[in-house]
Amino acid sequence: MVAVAAVCLFWLGSPIPGMAQAPVGPGKTLVHSKFGGQIFGFDIDQNGTEGVLSESQLLSDGNVLAAVETFDQKTGQILTVVSKTETQDDFLTMGIVGASVGLIEREHVTGGFVTRRIYEELNPLSANKFTGMWTPPLTTEDIILGISRNQGVPTTAILYFVNNAENFDTFVFGSNISANTFETPVELTDPTFMESNLPSVAYDSKTNEAVIASADSSVGGPPPVFALADLTTGAVSEFTGVPGLPPFRQGSINGLAVDSEDGIACTTTEVDFRVEFYNLKTQTGFAEALPGATSQLQSGSDVEYDPIHKLFFVAQSVSSTGNGSSIQVYNTQGKVVESLNGFNFSNASNVVFTHIALNPSNRSGYVDGPASNVTEIQSFTY
């Protein structure tokens, strides 16, 4: 861990003379999927030493090798194969929630169709085995679009939509996944939040609100829209985000994270390669291009938040500050703190989009890559 004095001087931009500075950026530790399959989601425990991933690959007999594995954050070594199947089923690592609880979705496939979704827990992750099931009030037609990334608090916000011929309604609800308890789903009636627009969800633990951001994904579409859904009362309020700058418009929302303590949301948008910061109380904000960005190819994707050091992390598949891919790091005032360059990750071939997994306690993390076939993840420090 970086010493407190060093952190303070770092923020002032003045390194200590004669003192060696901890290296930042991509690390040498790689986690490889045990059986060489494509990684279907991963996360690391912010209050422990382990991580979890799922992998999948098509076998020569037409079945799928699917597995869930835990790994050591420090060494990158696979610790345990929690489950391995060779059927038509798949696993998806949804994330680590609450206090060190791993959440895994298993899609049970019959006749080429998903006929059941089973949500299994590693509670705690260090048990290195499934310990029980999370049983949300969802049917087979209810498909989860995303969960909020907010370890350390009991509630997780779950965004899902109804996938049937009659409607594609979108809902959000809160759940204490460890306790297997649920709040009443809240419907988002604004069509902006339809599944086709790829809405993103985060959670404000101070107000017990789900924060959902979405935009008309068509080129030249209107500004993004934000919904604040009170998970206690079910009340929903909306506000419109910052408009795009001609000749660009935002396009879809690619990432969203929330600083609950200060009520700040950070998003990235596709077409105009910008990052946006919003005060959720005043419902005002501002936007700026990612550092050095001049093209949609350099737009940001995943956004994550470090609540200890109060930093937002933005994944950028095509870097505007170095070679390959980058992670742009911002403070809560929207100022660039540092650019972590030299990665290789992309949403292009990922079944699950690029994800930045953080461990703020030791200023480290993991991100997809560098293998182009998405069979490994890479460590980094900041």
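In the predicted model, glutamine 328 is buried, with a relative accessible area of 0%. This value falls under the 20% limit below which a residue is called buried. Glutamine 328 belongs to strand β25, which covers residues 325-331. Two polar contacts of its side chain were identified. One, of 3.0 Å, is made with the side chain of threonine 321, and another, of 2.6 Å, with the side chain of serine 339. When neighbours within four places in sequence are left aside, the residues in contact with glutamine 328 include Leu290, Pro291, Phe312, Phe313 and Val314.

Strand β23, residues 300-306, is largely enclosed by the rest of the structure, because seven of its seven residues are buried. Its pairing with strand β24, residues 311-316, is antiparallel and extends over five bridges. Within this pairing, glycine 300 has glutamine 316 of β24 as its bridge partner. Four residues separate β23 from β24 in the hairpin, and lysine 310 in the turn has a positive phi of about 55°.

Strand β2, residues 38-44, is likewise mostly covered, with seven of its seven residues buried. An antiparallel pairing over five bridges links β2 to strand β3, residues 50-58. Glutamine 38 is placed opposite serine 56 of β3. In this hairpin, five residues lie between β2 and β3.

Nonpolar side chains were then considered. In soluble globular proteins, side chains of this kind tend to be buried together. The largest nonpolar core of the model contains 15 residues, and those with the most contacts inside it are Leu103, Tyr119, Trp134, Ile144, Ile147 and Ile158. At least two residues of this core are supplied by each of β6 (90-97), β7 (101-110), β10 (142-147), β11 (155-162) and β12 (170-176). Strand β11 provides the largest share, three residues. Beyond its neighbours within four places in sequence, tyrosine 119 is in contact with residues including Leu103, Trp134 and Ile144, which are also listed among the core residues with the most contacts. Other contacts of tyrosine 119 include Met94, Glu105, Gly132 and Pro136.

Tyrosine 119 also takes part in an aromatic cluster, together with Trp134, Tyr160, Phe171, Phe173 and Phe182. A pair of aromatic rings is described by the distance of the centres and the angle of the planes. The count of aromatic pairs in the model comes to 18. One of these is formed by phenylalanine 226 and phenylalanine 239, whose ring centres are 4.9 Å apart and whose planes meet at 5°, so the pair is stacked. Phenylalanine 226 lies in strand β17 (residues 225-230) and phenylalanine 239 in strand β18 (residues 236-240), and the pair therefore ties together parts that are 13 residues apart in sequence. Both phenylalanine 226 and phenylalanine 239 are buried.

Phenylalanine 226 also forms a tilted aromatic pair with tyrosine 278, with 4.5 Å from centre to centre and 55° between the planes. Because tyrosine 278 lies in strand β21 (residues 274-279) and phenylalanine 226 in β17, this pair ties together parts that are 52 residues apart in sequence. Tyrosine 278 is buried, as is phenylalanine 226. A further arrangement involving a ring is found at phenylalanine 35, where the charged end of lysine 84 sits over the ring, 5.4 Å from its centre.

Asparagine 208, in the loop between β15 (200-204) and β16 (209-214), has a positive phi of about 55° although it is not a glycine. With a relative accessibility of 14%, asparagine 208 counts as buried. Its side chain is joined to that of glutamate 183 by a polar contact of 3.4 Å. Besides Glu183, its contacts beyond four places in sequence include Thr155, Tyr203, Ala229 and Asp230.

Asparagine 128, in the loop between β8 and β9, also has a positive phi, near 60°. Asparagine 128 is buried, with a relative accessible area of 18%. The loop between β8 (113-122) and β9 (132-134) also holds proline 124, which is joined to asparagine 123 by a cis peptide bond with omega of about 0°. Another cis peptide bond, with omega near 5°, runs from glycine 369 to proline 370. Proline 370 is located in the loop between β28 (364-368) and β29 (376-381).

Technical notes
Residues are numbered from 1 along each chain as its sequence is written. This is a predicted model: local features need pLDDT of at least 70, side-chain atom pairs count only at pLDDT 80 or more; totals for chains, interfaces and linings use all residues. Side-chain values use heavy atoms; hydrogens and water are left out. Buried means under 20% relative accessible area, exposed over 50%, partly exposed in between (1.4 Å probe, protein chains only). A polar contact is a pair of N or O atoms within 3.5 Å; within protein, one must be able to donate a hydrogen and the other to accept it, and residues adjacent in sequence count only if both atoms are side-chain atoms. Contact means heavy atoms within 4.5 Å. Rings of Phe, Tyr and Trp (its six-membered ring) pair if their centres lie within 6.5 Å; planes under 30 degrees apart count as stacked, over 60 as edge-to-face and the rest as tilted. A charge sits over a ring if NZ of Lys or CZ of Arg is within 6 Å of the ring centre and within 35 degrees of the ring normal. A nonpolar core is a set of buried Ala, Val, Leu, Ile, Met, Phe, Trp, Tyr and Cys residues joined through side-chain atoms within 4.5 Å. Two strands pair if DSSP finds at least two bridges between them.
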